[in-house]
Amino acid sequence: MTDSFRFIGLESQDAGMNMAIDEAIMNSRRNNKVRDTFRLYRWKPSAVSIGFFQSIADEVNLQACTNYGVEVVRRITGGGAVYHDFDGEITYSLIAGVDNPKIPTDILKSYEVLCEGLVLGLKNLGLSARFHPVNDILVDGKKISGNAQTRKNGIILQHGTLLIDVNVDKMFELLKVTDEKLRDKAIKGVKERVTSVNLEIGKLSMEKVALSIREGFSTSLGVQFEEGHLEDEEVQFAKNVREEKYLSKEWTFQR
Amino acid sequence: MRAELKVPGGKLIRIDCAVKNGKIVSAKITGDFFMHPEETINSLEKNIVGSAISENDIERRVNESLKDDITLVGASIADFTSVIVQAIKGSPNSG
């Protein structure tokens with residue numbers, strides 16, 4: 001099942017459904033119902049996702065999220081809190097069997113191999129990007145992408161972001177900083193260390209960026225991406241998991 | 001008590017714990033690190049509870065919880081021990 005990937009093109013879902021679809025694909029891939037899959041998506045409405053191990057109280061300003069209509073979801077992957085702006089970001093997810101020979105068994109190495117897809121995608125847009133361990137991609141020393149991975153039941157899920165447009169001030173209204181006394185300094189620091197496609201090359205359509213990401217991953221993995229869609233069973237699984245897990249207080253507020 | 005550690009070149013680990021009669025009675029570990037499999041965090045927290053507030057006991061329990069097939073990214077086993085020790089040093093019972 002490694003000769004080609006199913007490709008699910010850019011679509012927009014709410015936070016719970018986006019996470020639930022990733023999980024549904026992992027489930028159907030584990031049961032050998034589908035091929036390895038690559039998916040592109042946006043968050044509608046905009047949302048904050050937090051890493052599996054993070055404390056929601058420490059990381060997220062829930063009142064500000066409510067005021068902005070920004071959803072909050074806990075991921076099954078570790079890593080940090082991310083603000084996914086509907087107009088400012090594209091997320092990808094890659095779901096594959098751990099037996100896929102293109103993907104190293106070693107987790108650290110696999111980040112580098114998988115992130116190469118995004119590096120090539122950015123190259124297609126004329127940007128010189130590079131992987132920065134552990135899980136970031138930088139352009140000119142500034143972060144443009146963060147990535148997170150989990151492995152469960154013989155299946156790898158890696159999802160990651162590509163910043164198209166960044167609003168650091170809004171991001172810091174929604175997310176908390178470790179030390180409130182250093183808030184201004186933290187904002188200034190992030191403004192200096194983060195960039196976006198728009199900042200680097202100007203405004204491009206989401207579709208053009210999505211196409212570049214798709215081609216980047218297809219090239220770096222050396223596999224065809226064939227247009228596909230979610231199976232009915234996956235959609236049903238995702239709807240259930242969205243409702244029972246990702247929208248539940250037990251899951252979201254567990255830490 | 002709370003302590004946190006930003007691992008140089010790595011991730012943040014934060015611990016909230018409580019100590020009673022010289023033993024850790026509750027522990028919650030949070031942060032933006034990666035731990036595979038993720039559920040290991042639950043057994044780690046569970047194993048820390050009951051620990052004497054001594055570096056040796058904590059180190060033994062952390063090592064035991066994170067051995068074998070556990071992969072950490074952005075933090076090491078020693079980092080987890082270190083942040084817990086840092087937290088209990090702030091404990092009124094730690095002497």
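Helices (H or I, at least four residues) and strands (E, at least two) are DSSP runs, numbered from the N terminus. This is a predicted model, in which local features need pLDDT of at least 70, side-chain atom pairs count only at pLDDT 80 or more, and totals for chains, interfaces and linings use all residues. Residues are numbered from 1 along each chain as its sequence is written, and side-chain values use heavy atoms, with hydrogens and water left out.

Q: In which helix is Asp232(A) found?
A: Asp232(A) belongs to helix H9 of chain A, which covers residues 232-246.

Q: Why is Asp232(A) called exposed?
A: The relative accessible area of Asp232(A) is 67%, and exposed means over 50%, whereas buried means under 20% and partly exposed lies in between (1.4 Å probe, protein chains only); therefore Asp232(A) counts as exposed.

Q: What makes the pair Glu38(B) and Lys152(A) a salt bridge?
A: The definition asks for a side-chain nitrogen of Lys or Arg within 4 Å of a carboxyl oxygen of Asp or Glu, and the side chains of Glu38(B) and Lys152(A) meet at 3.1 Å, N to O, so the pair qualifies. Across the interface of chain B and chain A, the rule finds six salt bridges.

Conventions
Chains are lettered from A and ligands numbered from 1 in the order in which they are written.
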